[in-house]
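This briefing is intended for a reader who has the sequence and the model at hand. The points that follow are grouped by topic.

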Amino acid sequence: MQIFAKMIGSGKANARSLLSAGKEIKEEDVKVGDIVILWRGSKNGWMGHVGFVAGFVGDEVKILGGNQNNAVNIRNYPKSRVLGYRRIDY
């Protein structure tokens, strides 16, 4: 995570730091491969989760991420947990 954070400019290893990376994207403009940042524990806390958007199903976002049930996989999360979507263009 920290190497990825340095590559895109935030330089911090926590998931929420990616809320300032790249360009903010509205949900209706999200494409597969954009970054999604979720809150974990408490919406106003410091913990979070980050992954790549793999699609949407109803009120859930499909996320390709690591450390999801101790594996890299695609898992659905409620959209209500989303803090933001970001796009990194190179």
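A residue is called buried when its relative accessible area is under 20%, exposed when it is over 50%, and partly exposed in between, with a 1.4 Å probe and protein chains only. The model is a predicted one, in which local features need pLDDT of at least 70 and side-chain atom pairs count only at pLDDT 80 or more, whereas totals for chains, interfaces and linings use all residues. Residues are numbered from 1 along each chain as its sequence is written, and side-chain values use heavy atoms, with hydrogens and water left out.

**Overall architecture**

- The protein chain contains one helix and six strands, where helices (H or I, at least four residues) and strands (E, at least two) are DSSP runs numbered from the N terminus.
- Along the sequence these elements follow the pattern α-β-β-β-β-β-β.
- The protein chain has 90 residues, of which 34% count as buried.
- Among contacts in the protein chain with a separation of 6 or more, 44% come from residues 24 or more positions apart; a contact means heavy atoms within 4.5 Å.

**The sheet**

- The six strands form an open sheet with antiparallel pairing, in the order β1-β6-β2-β3-β4-β5; two strands pair if DSSP finds at least two bridges between them.
- At the edges lie β1 (23–25) and β5 (73–78), each of which pairs on one side only.
- From one strand to the next, the twist averages 45 degrees, with axes taken as lines fitted to C-alpha atoms (for helices over the stretch in contact) and angles running from 0 to 180 degrees between N-to-C directions.

**Strand β2 and its two partners**

- Strand β2 (residues 35–39) is mostly covered, since four of its five residues are buried.
- β2 pairs with β3 in the antiparallel sense over five bridges, and with β6, also in the antiparallel sense, over four bridges.
- I37 stands opposite V50 in β3, while the bridge partner of I37 in β6 is G84.

**Strands β4 and β5 and the loop between them**

- Strand β4 (residues 60–65) and β5 are joined in the antiparallel sense by six bridges, and G65 has N73 in β5 as its bridge partner.
- The loop between β4 and β5 holds N67 and also N70.
- Why does N67 count as exposed? N67 counts as exposed because its relative accessibility is 62%.
- N70 likewise counts as exposed, at 74% relative accessibility.
- Phi is positive at both sites, near 55 degrees for N67 and near 60 degrees for N70.
- For context, most residues other than glycine have a negative phi.

**Ring interactions**

- A search of the whole structure finds one aromatic pair; rings of Phe, Tyr and Trp (its six-membered ring) pair if their centres lie within 6.5 Å, and planes under 30 degrees apart count as stacked, over 60 as edge-to-face and the rest as tilted.
- The pair consists of F56 and Y85, whose ring centres are 6.2 Å apart and whose planes stand at 65 degrees, so the pair is edge-to-face.
- Because F56 lies in strand β3 (residues 48–57) and Y85 in strand β6 (residues 82–87), the pair ties together parts that are 29 residues apart in sequence.
- Y85 is buried, with a relative accessible area of 5%, whereas F56 is partly exposed at 33%.
- The charged end of R81 sits over the ring of W39, 5.4 Å from its centre; the criterion is that NZ of Lys or CZ of Arg is within 6 Å of the ring centre and within 35 degrees of the ring normal.

**The loop between α1 and β1**

- S17 is placed in the loop between α1 (2–8) and β1, and G11 is in the loop between α1 and β1 as well.
- S17 is buried because its relative accessible area is 10%.
- The side chain of S17 reaches the backbone oxygen of N14 at 2.7 Å.
- G11 is partly exposed, with a relative accessible area of 34%.
- G11 and A21 are 10 residues apart along the chain, and their C-alpha atoms are separated by 9.5 Å.

How values were computed. Polar contact = N/O pair within 3.5 Å; in protein donor to acceptor, adjacent residues only side chain to side chain.
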